[in-house]
Amino acid sequence: MTDARILPGPRRARWWGPLAVVAVLVLLVGGWSLIDSAIAGDKGIRAGTVFRVGPDDRHYAWFRVGPGWTLDQAATTPSQVFVLRHGDVDLSVAYLSLPRTEDADALWTGLRDTVRVADRHARLGAAGPTIAAAGARGLVGTLTQSGDIGRAVIYPGPGNTFAIRLIALAPPATAAAQWPPVQDVLRSLTFTEEAA
């Protein structure tokens, strides 16, 4: 009689189970924020970076950021709108085309209507004058939108054929120390490359 034995096959690696557990722990302990940042497309920006917003060589402006800013690449459309973050503050810088030069007189009213499209309870305060560090003159006011508070600024471009709109918003409990870097960006807007 023949002794038929079943020989064991090659042993399969069983390391994937512990590896999966370790990966889950890493995500729970702190890796999730890194993955979230990568998915969202946030990119750190070097201090002193100058951005150009505008579609061509006749319609554009420049602004500069200091340390601690990130760029939301997914929400940014280069030359049209930049979305940046500094701590809890979100800042959008957008190019606005003005089909007629007289439209520059209605920029603040138009902004009020625009923010109410996204949030019918949004409140844009009265416009006051502001002057950027390089001399650009614009309008500034408080803005409350979707539970956040902040400022809106509009700088009409040369010849009133376009404008640049900046909106900075953050939760009401945001520390006061987070606002000076935002103010620096708002005041950095210039229509002259040399001043950037």
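**Turns and hairpins in a predicted model**

Trainee: What is the relative accessible area of Ser79, which is partly exposed?

Mentor: This is a predicted model, in which local features need pLDDT of at least 70 and side-chain atom pairs count only at pLDDT 80 or more, while totals for chains, interfaces and linings use all residues. Residues are numbered from 1 along each chain as its sequence is written, and side-chain values use heavy atoms, without hydrogens and water. Partly exposed lies between buried (under 20% relative accessible area) and exposed (over 50%), using a 1.4 Å probe and protein chains only. For Ser79 the value is 25%.

Trainee: Where is Ser79 found?

Mentor: Ser79 has a positive phi of about 80° although it is not a glycine. Most residues other than glycine have a negative phi. Strands are DSSP runs of E, at least two residues, numbered from the N terminus. Ser79 sits in the loop between β4 (70–72) and β5 (81–86).

Trainee: How many bridges join β9 to β10?

Mentor: Two strands pair if DSSP finds at least two bridges between them. β9 (residues 137–145) and β10 (residues 148–156) run antiparallel, and they form a hairpin with two residues between them. The number of bridges joining β9 to β10 is seven.

Definitions and conventions:
Helix = DSSP H or I, 4+ residues; strand = E, 2+ residues; numbered from the N terminus.
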